[in-house]
Amino acid sequence: MMKLKQLWMGIFNFTAGLKRAYAYAYTEKQATLIIVKRIAKQQSVYPSFLFDWMSKHPSLYKIKLEVEYTEDE
């Protein structure tokens, strides 16, 4: 049985407003990396800048499982 990618959502509450992004990934860690890269590109900043912001403002973002897919046998 193949493991399925799940749909994850990231929400970031920046001073300029909310940013939302989605990613299909196997794990929350993988989803976080994909979402951070996407939002960093949209904001024209390096992903490391966004990771630093996340470590300083843990209550201003959330990465959560949006849709969990299962394989029927």
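Helix α1 (residues 28-43) packs against helix α2 (residues 47-56) at an angle of about 115 degrees, and their axes lie 8 Å apart. That makes α1 roughly perpendicular to α2, a term used for angles of 65 to 115 degrees. Axes here are lines fitted to C-alpha atoms over the stretch in contact, and angles run from 0 to 180 degrees between N-to-C directions. Helices are DSSP runs (H or I, at least four residues), numbered from the N terminus.

This is a predicted model, in which local features need pLDDT of at least 70, side-chain atom pairs count only at pLDDT 80 or more, and totals for chains, interfaces and linings use all residues. Residues are numbered from 1 along each chain as its sequence is written, and side-chain values use heavy atoms, with hydrogens and water left out.

Turning to the contact itself (heavy atoms within 4.5 Å), α1 contributes Thr 32, Leu 33, Val 36, Lys 37, Ile 39 and Ala 40, which meet Pro 47, Leu 50, Phe 51 and Met 54 of α2. These residues divide into eight nonpolar, one polar and one charged; Ala, Val, Leu, Ile, Met, Phe, Trp, Tyr, Cys and Pro count as nonpolar, Asp, Glu, Lys and Arg as charged, and the others, Gly among them, as polar.

Thr 32 is buried, at a relative accessible area of 14%, whereas Leu 33 is partly exposed, at 39% (buried is under 20%, exposed over 50%, partly exposed in between, with a 1.4 Å probe and protein chains only). Beyond its neighbours within four places in sequence, Thr 32 touches Phe 51, Met 54 and Ile 63. Leu 33 lies 13 Å from Lys 64, C-alpha to C-alpha, with the two 31 residues apart in sequence.

Technical notes
Helix = DSSP H or I, 4+ residues; strand = E, 2+ residues; numbered from the N terminus. Parallel < 35°, antiparallel > 145°, perpendicular 65-115°, else oblique.
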